[in-house]
Amino acid sequence: MREVLTELMEAWRADEVVGVGTVVGTQRSAPRPPGAAMLVMADGSAVGSVSGGCVEGAVYELAETVVADGTPVLQRFGYSDDEAFAVGLTCGGIIDIFVEPVSTKTFPELERLAEDVHEGRPVAIATVIEHPDPAWVGRRLIVRPDSVEGTLGLERADAAVADDARGLLAAGASHVVTYGPEGERMDTGMRVFVSSFQPPPRMIVFGAIDFAAAVASQGKLLGYEVTVCDARPVFATRARFPGADDVVVSWPHHYLQREIEADRIDNRTVICVLTHDPKFDVPVLDLALRLEGSHQPAFVGAMGSRKTHDDRLERLREAGLTDEHLDRLSSPIGLDLGGRTPEETAVSVAAEIIAQRWGGSGERLTETTSRVHR
């Protein structure tokens, strides 16, 4: 919903009813992840996407029906010989889409939720998408780390769903959780979609070189909040890195230590060390690779030649790092794409980050047999 929240809020404040289709579940090669949303506005326009174009037409018609009668609907779209042409989902995937009418009447908490998302405060929406009693469908909780807003109808159900939603929120995950009709654990009947909104993940680029500008641009394209850090003020300037969210003049390991102490390094953080200078990269890698638990970054990579890499490993071992620590290091950083320019190199770095995040092989899709969308 994050991608369409601005347009949704404009309609909400204008007291219009909007049909909102949200991807709540996927199987096999579904093209959009859970949480992707499409709006059907009061003027008939459509905003956003739930399938990259495969089933938008069918969802549009369903949203018009939902707005007209006010009843939320959970609909599955999947490939088969009979229905492939009808809805266009020829990729072989299956997607579950929950379509609901949204207005000031049906979603009075939306403005405060939008403020949380805009300000980067963690918040989750837990929506009943399936229940034996149709009256429950569409009920929701707004779950924050320290509060719960709304009710599903029973205290027992509220407690169970809020507890699970907080766990998913902490992980930044969005998916369906199943309960008994009254919130019973290890039972079925009620399905709840939890959509988590966390601040954007961070990418920290150490080394204000020409490659860093390209890597920072790729990071922004992937949705990261990007910081460029270098100890040399002549290089670490806003003019050289206009696309970065922040440009910091500091010794890399000093800056990283401050961010750790401020609890701003987590399991979604990406660290790219591009300094090419042992006095900068060894201390910051020594610190980054030792991080454990909730502070352990999702990715730590370092740029350099094979010779630089071998020298760096020797220096890091002398600093006391073990093979277990060094196994966390991606060096030389990036996938083998054969690139030469900073921009091409940045694409290879971004490709490795994506592959590690989602478990991709890095092989050409034409040479693989696994499904395209993992």
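This is a predicted model: local features need pLDDT of at least 70, side-chain atom pairs count only at pLDDT 80 or more; totals for chains, interfaces and linings use all residues.
Reader: How many bridges join strand 1 to strand 5?

Author: There are 9 bridges, and the two strands run antiparallel. Within strand 5, D96 stands opposite G25.

Reader: And how many between strand 4 and strand 5?

Author: Strand 4 and strand 5 pair over 6 bridges, again in the antiparallel sense. Q75 has I97 of strand 5 as its bridge partner.

Reader: Is strand 5 mostly covered or exposed?

Author: Strand 5 is mostly covered, with 9 of its 9 residues buried. I94, D96, F98, E100 and V102 point one way from the strand, while I95, I97, V99 and P101 point the other way.

Reader: E100 is of interest to me. With which side chain does E100 meet in a salt bridge?

Author: The partner is R140, with an N to O distance of 2.6 Å. E100 belongs to strand 5 (residues 94-102) and R140 to strand 7 (residues 140-144), so the pair ties together parts that are 40 residues apart in sequence.

Reader: Are E100 and R140 buried or exposed?

Author: Both E100 and R140 are buried.

Reader: How many salt bridges does a search of the whole structure find?

Author: The search finds 22 salt bridges. One network of salt bridges links R112, D116, R121, R144 and E149.

Reader: What about D281? Which residue forms a salt bridge with it?

Author: D281 forms a salt bridge with R312, and their closest N and O atoms are 3.5 Å apart. Since D281 lies in helix 8 (residues 278-290) and R312 in helix 9 (residues 306-318), the pair ties together parts that are 31 residues apart in sequence. Both D281 and R312 are buried.

Reader: Which residue meets D277 in a salt bridge?

Author: K279 does, at 2.6 Å from N to O between the side chains. K279 is partly exposed, and its relative accessible area is 46%.

Reader: Returning to strand 2, which way do its residues point?

Author: From strand 2 (residues 37-40), A37 and L39 point one way and M38 and V40 the other way, and all are buried. Strand 1 (residues 18-27) runs antiparallel to strand 2 and is joined to strand 2 by 4 bridges. T22 stands opposite A37 there.

Reader: What of strand 2 and strand 3? How many bridges do they pair over?

Author: Strand 2 and strand 3 (residues 46-48) pair over 3 bridges in the antiparallel sense. L39 stands opposite V47 in strand 3. The hairpin of these strands has 5 residues between them, and G44 in this hairpin takes a positive phi near 90 degrees.

Reader: Now the sheet with strand 8. What is its order?

Author: The order is 8-7-6-10-9, in an open sheet of 5 strands with antiparallel pairing. Its edge strands are strand 8 (147-149) and strand 9 (175-179), each of which pairs on one side only. Neighbouring strands here are turned by 25 degrees against each other on average, direction ignored.

Reader: How is strand 9 joined to strand 10?

Author: Strand 9 and strand 10 (residues 190-197) are joined by 5 bridges and run antiparallel. H175 stands opposite V194 in strand 10.

Reader: Finally, helix 6. How far does it reach from its first C-alpha to its last?

Author: Helix 6 (residues 210-221) has 12 residues and reaches 18 Å, close to the 16 Å expected at 1.5 Å a residue.

Reader: Which residues of helix 6 are buried, and what covers them?

Author: The buried residues are A212, A214, V215, A216, Q218 and G219. Their cover includes strand 11 (202-206), strand 12 (225-230), strand 14 (270-273) and helix 11 (342-358). Just after helix 6, G223 takes a positive phi of about 95 degrees.

Conventions. Residues are numbered from 1 along each chain as its sequence is written. Side-chain values use heavy atoms; hydrogens and water are left out. A salt bridge is a side-chain nitrogen of Lys or Arg within 4 Å of a carboxyl oxygen of Asp or Glu. Buried means under 20% relative accessible area, exposed over 50%, partly exposed in between (1.4 Å probe, protein chains only). The expected span of a helix is 1.5 Å times one less than its number of residues. Contact means heavy atoms within 4.5 Å. Two strands pair if DSSP finds at least two bridges between them. Axes are lines fitted to C-alpha atoms, for helices over the stretch in contact, and angles run from 0 to 180 degrees between N-to-C directions.
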